[in-house]
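Let's take a friendly walk through a protein model. Have a look at the picture first, then read on.

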Amino acid sequence: MTIPRVEQEVTKYFQMEIVKPATKPPDISAVNPRKGNSIFFHETSCRSRKAGKLVLKLRQACSVESAARANPALDVYVLVASPAIIKNEGDQNDKIIQALLRYRNIHIKHVHLEKYLDDTPVRDLYYSGKIESSQWSISHMSDVLRFVSLWKYGGIYLDLDVIVIKTLENLVPNFTGLELSSVAAAGIMGFDYQGKGHQWVEDCLIELNRDYRPDLWSHNAIGILNRNLKNKICKVDKVEKMKPEICDGFKLYTQREFYPISYWELNKFFDHKLLESAKKKLNKAWTVHLWNKLTENHLVSLSPNNSLIEYLAKEYCPFCTTTKGGMGTTRAFYVQTRPRCSQDTTCLPTTMC
């Protein structure tokens, strides 16, 4: 599928009216996402509560827009844990939110954690207080929510620093991608809402509820996914052996398909001299992971030539990052400020959001 350029957009992709200001997004529990036909993003930080309104970083908005543009037949949900009101005060953030909501298939919803997790296999974990005791409470809440959303509705989960460059509508229903040749990642994955897929993600949640580790950052998403691949889904000890015919239809997409720019190649995002060679790495890719924890404070050379990250912004999220969309220049795509919520006990998702 060819993703339409801005000048080729037609009204069928957009809402005719912008959402009214001072609107509180409805809770996801009050709506019924189409099972198996949705993409889910989770925003678990506390920026929105602190700002007194819905806040999305430009990179996050770019991920959402790219997913909506590439997958018009799928609903794209942004589930925000922090209480938020959509306002229109004229700043860049509000313009970004309004640009996203012009897409018919983008839905921003609040996720009330108690309601969302109450009737799930991780209910006991949530009420135990273990997540909020973790140094990585916000990341770990995201780990929990990604599996819960796929357990409830099926479909696809994406991290908020993933740019979609090709339609995901034709992927197999149960999948993940290789971050390394020997490690399956949990930043891009899908499970069916019924049958084997539903049981597999339920197995992940049962283990998460039983074996959650607040002291280990990667134990609870990547770790659980890889252990379940080895022990229950594929039943082989090495990722290299995990083929769909062995894994009962579950597919591990290659690194070049989901993570074509590795985390040790970050200069490819920012050095304009490497643009053409970096673009070649995208030839067989569906997505590009921006590795936000490693790149969010990266300085960008003010060159008249595009870097890869600027190319991605202009090509796949034009309404969020171009003056034509009313969003300002793509330079804002690079300006990132890392919140220190992990050290702030008032910023824990279970107590505040």
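In which sense do β4 and strand β7 pair, and over how many bridges? They pair in the antiparallel sense, over 4 bridges. Keep in mind that this is a predicted model.

Zoom in on that pairing and you'll find Leu158 standing opposite Ile188 in β7. β4 has another partner too: strand β1 pairs with β4 in the parallel sense, over 2 bridges. Here Ile39 has Ile156 in β4 as its bridge partner. Here are the two pairings side by side:

| Strands | Residues | Sense | Bridges |
|---|---|---|---|
| β1 and β4 | 38–43 and 155–158 | parallel | 2 bridges |
| β4 and β7 | β7: 183–191 | antiparallel | 4 bridges |

Now for a pair of helices. Helix α2 covers residues 58–70 and helix α3 covers residues 92–101; they pack at an angle of about 10°, with their axes 10 Å apart. Angles under 35 degrees count as roughly parallel, so α2 and α3 are roughly parallel to each other. On the α2 side, Leu58, Ala61, Val64 and Glu65 make the contact, and they meet Gln92, Ile96 and Leu100 in α3. Sort those contact residues by type and you get 5 nonpolar, 1 polar and 1 charged.

Finally, zoom out. The protein has 14 helices and 9 strands. Of its 353 residues, 57% are buried. Among contacts with a separation of 6 or more, 79% join residues 24 or more positions apart. The protein exposes about 15,300 Å², and carbon and sulfur atoms supply 50% of that area.

Technical notes. Residues are numbered from 1 along each chain as its sequence is written. This is a predicted model: local features need pLDDT of at least 70, side-chain atom pairs count only at pLDDT 80 or more; totals for chains, interfaces and linings use all residues. Side-chain values use heavy atoms; hydrogens and water are left out. Axes are lines fitted to C-alpha atoms, for helices over the stretch in contact, and angles run from 0 to 180 degrees between N-to-C directions. Angles under 35 degrees count as roughly parallel, over 145 as roughly antiparallel, 65 to 115 as roughly perpendicular and the rest as oblique. Contact means heavy atoms within 4.5 Å. Ala, Val, Leu, Ile, Met, Phe, Trp, Tyr, Cys and Pro count as nonpolar, Asp, Glu, Lys and Arg as charged, and the others, Gly among them, as polar. Buried means under 20% relative accessible area, exposed over 50%, partly exposed in between (1.4 Å probe, protein chains only). Accessible areas come from the Shrake-Rupley method with a 1.4 Å probe; for residues, only the protein chains shown count as cover. Two strands pair if DSSP finds at least two bridges between them.
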